Amino acid sequence: MDILLSVVGFLLTIGTLVAFHEYGHFWMARRLGVRVLTYSLGFGRAIYSTRRGPESIEYRVGLFPLGGYVRMLDEREGAVDPAERHRAFNRQSLKVRAAIVAAGPAANVVLALVFWWLMFMVGTQGVLPKVGDLDAESRLAAAGLQEGDIIRAVDGDPVMTLSDLRLSLLNGAIEQQAMPITIERDGSRRDMTLDLRELDPLGGEIGRQPTDILERVGFALWRAPAYAEMAEVQPDSPATAAGLEAGSRIVAIDGREYRDPWALIEAIGSRAGEASRLTIESDSGREDVVVTPSPTEVDGEIVGRIGVALSAHPLDEEAAESMFLLERTGPVEAMGLAVERTWDMTTLTLSVFHRLLTGEASIANLSGPVAIAEYAGKSLLLGLSTFLGFLALVSLSLAILNLLPIPMLDGGHLLLYAIEAIKGGPVGAAFEEVLARLGILLLGLLMVVVFYNDIARLMH
């Protein structure tokens, strides 16, 4: 099911973004009088093709979905009827050619803006950035934060959810700053300073998921007090052998009471092979049961498992529900937020690209089609709002990637046009061919890196 959802999410994501990107080229070309011959989604042999309109434009879907193209009338690709030469792409002025090429990335920026606008109107889902039990050695603890504090602003920018907090901290860590933060404690607000220097948020090891910035600063999420309820008991497990049943709650281990299911799971994990006294609560009251967790290897470590699936049974439903947010805005306010998000993500992405090129960021941060498919499937599961935000982010990334001055990309063509403008004439065919081959080599190396990263992460 997860694989199917990832495939569906990937096709929806790539299909939508590539279609709009190519439509940008298509629309601008026709708007400026250049004749379009083919509009294609995907490369390779056509699995669907039709011709429409008075000019018999071919609309096709290629076998390989990783991209698309718009083919225009061009004398460099074959003989052109003299009556149609004025509509050939190669006959157009520098400004017209540049406008057609730039229209693709521009369409993706517009699409990202629209997706974020819709996301803010549909409603953004998130988790309140309320601090839990912090490690005394963490950066947050060093800044003076305590359990129960809610982070409300970073560097003056409001923080509503964990996602907002992650983005703000990432920006500060990349710039190696000590950032002012505003927290809410016991109903009043206080200002503190969080040191984000020397964190290296863009470092990493190839094949491993880069460490989350929230982990780097030692953020621990506050959880409402809850007992661990057994949602499912696996057959032939230590829990079954001890007579445990679904619906009951584990409230204590060896006399110590737990009101955090995650802490209880860690406690059981540390008791591999050790007989432990569990206090079980059900409708009939409490009883003690002795269970020996089975030693189980997880990520190279031996931990204890008793064979139950646990769910949280909150002691305070209102406190538990307060951790989850759904914020909706009107069309005007949503557009303002969308513009702000587009700008923030553009500057962040450009900053990351710059550091990748200068070697300050690890190529382990690069992801490819496999990661896109995985995240697309997860965002579909989380709802429309999350999926819209995911589409917006990938659309903006696609626009920026295409504007890089690499031959074969839109940015590479724009670079050639810039050289042509400075030189006062088109570059030579031999020089353009060398650049094209270099572009193919660079894109090939990039694809190898991102596929390796994706596959290595899955293997890990």
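**View 1. Helix α4 lies across strands of the sheet in this predicted model.** Helix α4, residues 162–174, lies across β4 (150–154), β6 and β7, and runs at about 50° to β4; axes are lines fitted to C-alpha atoms, for helices over the stretch in contact (heavy atoms within 4.5 Å), and angles run from 0 to 180 degrees between N-to-C directions. Helices (H or I, at least four residues) and strands (E, at least two) are DSSP runs, numbered from the N terminus. In this predicted model, local features need pLDDT of at least 70 and side-chain atom pairs count only at pLDDT 80 or more, whereas totals for chains, interfaces and linings use all residues. Residues are numbered from 1 along each chain as its sequence is written, and side-chain values use heavy atoms, with hydrogens and water left out.

**View 2. An open sheet of 4 strands is ordered β5-β4-β6-β7.** The pairing is antiparallel, two strands being paired if DSSP finds at least two bridges between them. Because β5 (157–158) and β7 (188–195) stand at the edges with a single partner strand each, one side of each is left without a neighbour in the sheet.

**View 3. Strands β6 and β7 pair in the antiparallel sense.** Strand β6, residues 178–185, is joined to β7 over 8 bridges, and Arg-185 stands opposite Ser-188 in β7.
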